[in-house]
Amino acid sequence: MATHAAIPTRGRPRRRSRTRQHSARAWAVPVTLGAAYGLYASFVLRNNGASGGRQFWYGLITAVVLAVLCFALGRIQHTLLPLVRAAAYGALTAAAIGLLVGVTGSSVLRSSALGLAVGLGMFITTFYIFYTHERT
């Protein structure tokens, strides 16, 4: 004889935790990007004659800031439209590249132009990826 699909289970029902667990990749990608960015920023600052302490703190602060921004963008990216999501990735990339070029001692105009060019390239690339892989 067939049974009903809503048969109660034995034992106590499990409570779902309200805290959301993040996967290892959700932490590893921003931390790796931040560490690489911080090391490179520290290296560039060192080549411009900065002291060891200033170089260390600058690299650490830039690494933490970029990792936090990447993690935050990764958490909210699924709620954004493809155009806004691509603009966010482009803006983050433009700011990061502009800062690195600015550390080299270049002019503000050059660092802004290079950051804008790389950010625009990132915007176009990510918009294409997000738009063509969008689930409807």
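1. Of the 136 residues in the protein, 28% are buried (under 20% relative accessible area with a 1.4 Å probe, protein chains only; exposed is over 50%, partly exposed in between). Please keep in mind that this is a predicted model, where local features need pLDDT of at least 70, side-chain atom pairs count only at pLDDT 80 or more, and totals for chains, interfaces and linings use all residues. Residues are numbered from 1 along each chain as its sequence is written, and side-chain values use heavy atoms, with hydrogens and water left out.

2. Helices here are DSSP runs of H or I with at least four residues, strands are runs of E with at least two, and both are numbered from the N terminus.

3. Helix α2 spans residues 52-76 and holds Val68. Val68 counts as exposed because its relative accessibility is 51%.

4. The largest pocket holds about 660 Å³ of space. Among its 22 lining residues, Val29, Leu33, Cys70, Gly74 and Tyr89 are the closest to its centre. Helices α1 (24-47), α2 and α3 (82-103) each give the lining at least two residues. A pocket is an open set of points on a 1 Å grid, where a 1.4 Å probe fits, with protein on both sides within 12 Å along at least five of seven lines; lining residues have an atom within 4 Å of a point. The volume is the space filled by probe spheres set on the points.
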